[in-house]
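Take a look at the structure, then follow the notes below.

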Amino acid sequence: MEDKINQLLHEVENFRADALENVEEFRIKMLSKKGHISELFNDFKSLPVEQKKLVGQKLNQLKNFTQEKINHLKQTIEEKSSQQKTSENYSDLSLPVDFNHIGSRHPISIVRNQINSIFEKIGFVISEGPEIEDDWHNFSALNFAQDHPARDMQDTFFVEKDPDIALRTHTSSVQVRVMNNQKPPIRTISPGRVFRNEAISARAHCIFHQVEGLYIDKDVSFADLKHVLNHFAHEFFGPDARIRLRPSYFPFTEPSAEVDVSCPFCKGDGCNICKYSGWVEIMGCGMVDPNVLENCNIDSQIYSGYAFGMGIERITMLKYLVNDLRLYFENDVRFLKQFANAF
Ligand code: PHE
């Protein structure tokens, strides 16, 4: 009898089916009143008592195993057929299609492209340079004194010390490369990623983007600078935008100024974006310091120039009213897809 049990066990183990009818046939063959397992239970009654315990256990195991196997097969077949039904629905070609989810440009790219094109239209050429820079291109050529605080470890991510190699802290470094390699007249803008060792918060980030501009020629004056900045403000913020310049300091420009634009939201009346001043700061600018020209082998007796630099994040915040810088770097699709219709 034990042989018979083992043989049936083997048969159950190997049983396969892909239709419910086959499973039902198998159940009848094994477990119905006249099925093989039920017959064994009948034979069991006439076994000598000493064998009953062991054979009884085995027989019960066989019965349970068979029942489980049947349940399992039924379940898998039912699941498969319901999946098939849904996929059959999709084969109905008259159903409306799923929309293609078209990606969107990152807001920083949108604004960078817009700034680039405003300057390209008036003759500026885009120049790019490395994100990892040496001390000369990022600081020394730009007239930073050896003990200038911006060289401090607090602001700069150093990659190597002596000689100092660092992640560029501004794209003015690209302009040094342009001045070293080209003869005036030079009219260039340098968009790119820059790095400063700042704690990350809604208002500051250790990575951000800049567009810096440089124009060098004979007789370039502060009036030319003001004119080009005014043009930019009108093109970017609209014909009503006004600018004002406040005296400031940068090692590489003299004189230097901060540029404010009339608040694009309240048009100068005062709101919480401009902190009720009517103005928002958008960039730094100035006349290129003659030392910088000389450092780059440009004769400062013949040539003069202006430079300006703006943070793209800041301009983007003003354009789209984004109030937290971190959103630009998290790449949360819920944020990004809001720019799907922008270009
Ligand atoms: N390089 C300056 C900065 O990163 C910006 C600037 C550029 C200021 C050119 C003046 C002239 O903050």
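Met317 counts as buried because its relative accessibility is 18%, where buried means under 20% relative accessible area, exposed over 50% and partly exposed in between (1.4 Å probe, protein chains only). This is a predicted model, in which local features need pLDDT of at least 70 and side-chain atom pairs count only at pLDDT 80 or more, while totals for chains, interfaces and linings use all residues. Residues are numbered from 1 along each chain as its sequence is written, and side-chain values use heavy atoms, with hydrogens and water left out.

**Around Met317**
- Met317 sits in helix H10 (residues 312-320); helices (H or I, at least four residues) and strands (E, at least two) are DSSP runs, numbered from the N terminus.
- Not counting residues up to four places away in sequence, Met317 touches Ala202, Val322, Asn323, Asp324, Leu325 and Tyr328, with contact meaning heavy atoms within 4.5 Å.
- Pro107 lies 210 residues from Met317 in sequence, yet their C-alpha atoms are 9.4 Å apart.

- Leu321 belongs to the loop between H10 and helix H11 (327-330).
- Leu321 counts as partly exposed because its relative accessibility is 47%.

**Around Asp289**
- Asp289 is in the loop between strand E9 (279-288) and helix H9 (290-295), and counts as buried at 12% relative accessibility.
- Beyond residues up to four places away in sequence, Asp289 touches Asn143, Pro251, Phe252, Thr253 and Glu254.

**Domains**
- The domain assignment (automatic or from a database) gives domain 1 (2-87) and domain 2 (107-339).
- The centres of domain 1 and domain 2, taken over C-alpha atoms, are 79 Å apart.
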